[in-house]
Amino acid sequence: MKNYEVKRSWFAGVLFGQQETVLTLRTGGLQVFDGKKKAILPFSRMTAVLAITRGLFWSHLTVTTAKKSYRYKGFSVSRLRQFSASLNEGLQQYIQQQLKADDANAQILKSDIRAFLNASCYRRDSQRRQLVQRCRQLLAATPSQLREQFATSAQQSVLKYLSDFIAASGEKVKRSNAKFVREEALRFQSFFDTIEKNPLTTAQRRACIVSEDHNLVLAGAGTGKTSTMIGRAGYLLATEQTAPEQILMLAYAKKAAGEMQERQDQCLHTILQKQAPAIKTFHALGLEIIGKVDGKRPAITSFAEDNVAFARFVTDVINRLMANAAYKSKAAQFCANRHHPKSAAEFSQLMADFLMLFKQSYLTLDELSVKAGKYTDVQRFSLLMALFEPLLSAYQQYLAERNEIDFADMIGKAISYVESGRYQSPYQHILVDEFQDISQERARLIKALLTQRSDTVLFAVGDDWQSIYRFTGSDISITRQFKKMFGASAITALDTTFRFNNKIGDVASAFVLKNPDQIKKTINSVFVISDPAISLIRIPASERGLHLALNAISQKASGQPNQKTTVAVLARFNFIFGNESHGTLKQQMERQYPQLDIEFMSVHASKGKEADYVITLGLTNGKYGFPSQKETDPILEFLLPEKETFSYAEERRLFYVALTRARHRVYLVYHPAEPSPFISELINQKYPVCTDEFVSAF
């Protein structure tokens, strides 16, 4: 007869410190009575069979759980042996019932895993992690020691399959995805061959097909980022993974969005039954979100797209405030700072810049004061706050009186609506162009949209080598730390440029990679030549250097009388071109060089553009040279992304942009007495550039 209870004798109680202990087998586990209260130790907490330790006169029972072991001492050897056998029998029955239920669930899970690995689609890491989590939960339901002891061979087999999947899921998914990408590239070869005027490269096709939860496409200069964006949208629609209205495509400027929309509509019209996905700016997205929640779209201040008018407004407010003697005194004291002296115009511009950056930071004045605690010049910051607060108040009042908001308000309001759930995202795929220019606030909006739907996929296209807008709030660390920011990610580098030849590429790539923080990638050129394609023009008069370059280009263009050769004349600062407008300069030069189509622009304005030839002026050393040694006021640094430690990091990327606008050749004009540090580096470190093309002209 089974023994369902065992009691410790009074004498054992004296020896082991308790007067009475009664162990009783219950349906769900072991009941323990210590003379005062009863407690149940359920089978579900036990992680091993119960063990008996024999002493000289007494036996002890050990019950093991995940957190601790319980030891009950001083029982009769024979009675405890009978009791533990009954208890272990009860534990075995419980575990076998649990294993039976686990086996049914494990068979379903095994089937789901096989379907996942064999599916004709790209397997996202979030899907893999969900399966791994299900496996872990199921395996955790039964302690491993008890599972090994009581499971049948069939049960052990399926549970081992789950355990093996946990250990090797990453590699299994990697192999399955690699196979899928190869097969899909073949299946859609005709599509990728014809979606654009030129067939997409292998890297572009891979970027279009890979559909991780978060995807970063590193698109170097001229590598076809727009083609990849359009190819990605077209592929999603051609494979019926989504509908046009579930694709959100974001560009940074209206003009860029319009140009991409026109090009996309042309490319995708053959595969679309309705309209192509709409390409929006971040500001248009903000308006859409607010309009959906509030029932109407807000009015945007004209200052949002008119920096000149905004700067004039700030100047007018400051001039009115100067009528107050106390304000005027503080302004004079602030501008007279010996480390950061300011003219009236510089002070006004500083306040305008600070106002916009402050609005974009979404800080309160109190939060700004805390953030600025690191600033060593407390007096200067206190003066700034005293001067800034009435300006901020006047600006906010101006907006309120007109019932208008600015872009910063719009993005901030959109973020709050998405994060609070008042706006429900309809988007399954979010494609972002020029991702290297993204700010923390815009990244926060993207993350909020991604969080709302577990099936939303991010496809970001950008190039950390061309990140040149920190002064507006762009944060290069978001691109560099993409995986840390967003989570599981696939990173694809477009490795073929269709714009510049290999000799321009060799110099530009080596130059930008001097900064070890830049993401390493190799860009090959379709156009391969043997001689250097970057010429240095060493001449005191930059205008003379410009004409030397234009003459040389004109001679090259003479062999193509039926089409004009394009030339981009670039400078770090617009004043390098003199007092004439860019349009007037264009007309003057094109009269002298009728075979040339000449454009004058700053290097920043040239981003996204290209020309047959590039001429860069103003390559001198100094505050307004290239690199510019004009320092950002420390006051503004509080509101800007963290500054990079590498010397001239952003200026180096800006020089890379200047070099990579050219298809055929770049001319760098510099003054021999004060050469740019970048020119000195090209010469001293023996980059493959041409230094003697114009020697005979001097």
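How are α8 and α9 oriented to each other? The legends below describe close-up views of a predicted model.

**View 1. Helices α8 and α9.** Helix α8 spans residues 225–238 and helix α9 spans residues 254–268; their axes come within 10 Å and cross at roughly 50°. α8 and α9 are therefore oblique to each other. The crossing of α8 past α9 is right-handed. On the α8 side, the contact is made by Thr-226, Ser-227, Met-229, Ile-230, Ala-233 and Gly-234. On the α9 side, Met-260, Arg-263, Gln-264, Cys-267 and Leu-268 take part. Sorted by type, the residues of this contact are six nonpolar, four polar and one charged.

**View 2. The aromatic pair Trp-465 and Tyr-656.** The structure holds 33 aromatic pairs. In the pair of Trp-465 and Tyr-656, the ring centres are 5.5 Å apart and the planes stand at 85°, so the pair is edge-to-face. Trp-465 lies in the loop between β14 (457–462) and α18 (477–480), while Tyr-656 belongs to helix α25 (residues 649–659). The pair links parts of the chain that are 191 residues apart. Trp-465 counts as buried, at 0% relative accessibility, and Tyr-656 is also buried at 0%.

**View 3. The aromatic pair Phe-511 and Tyr-687.** The ring centres of Phe-511 and Tyr-687 are 6.3 Å apart with planes at 55°, so this pair is tilted. Phe-511 sits in helix α20 (residues 502–512) and Tyr-687 in the segment after α26 (677–684), 176 residues apart. Phe-511 is buried, with a relative accessible area of 0%; Tyr-687 counts as buried at 9%.

**View 4. A cluster of aromatic rings.** Ring pairs link Phe-511 and Tyr-687 with Phe-626, Tyr-648, Phe-655 and Phe-678 into a cluster.

How values were computed:
Residues are numbered from 1 along each chain as its sequence is written. This is a predicted model: local features need pLDDT of at least 70, side-chain atom pairs count only at pLDDT 80 or more; totals for chains, interfaces and linings use all residues. Side-chain values use heavy atoms; hydrogens and water are left out. Axes are lines fitted to C-alpha atoms, for helices over the stretch in contact, and angles run from 0 to 180 degrees between N-to-C directions. Helices (H or I, at least four residues) and strands (E, at least two) are DSSP runs, numbered from the N terminus. Angles under 35 degrees count as roughly parallel, over 145 as roughly antiparallel, 65 to 115 as roughly perpendicular and the rest as oblique. A crossing is left-handed if the near helix is turned anticlockwise from the far one by less than a right angle, and right-handed if clockwise. Contact means heavy atoms within 4.5 Å. Ala, Val, Leu, Ile, Met, Phe, Trp, Tyr, Cys and Pro count as nonpolar, Asp, Glu, Lys and Arg as charged, and the others, Gly among them, as polar. Rings of Phe, Tyr and Trp (its six-membered ring) pair if their centres lie within 6.5 Å; planes under 30 degrees apart count as stacked, over 60 as edge-to-face and the rest as tilted. Buried means under 20% relative accessible area, exposed over 50%, partly exposed in between (1.4 Å probe, protein chains only).
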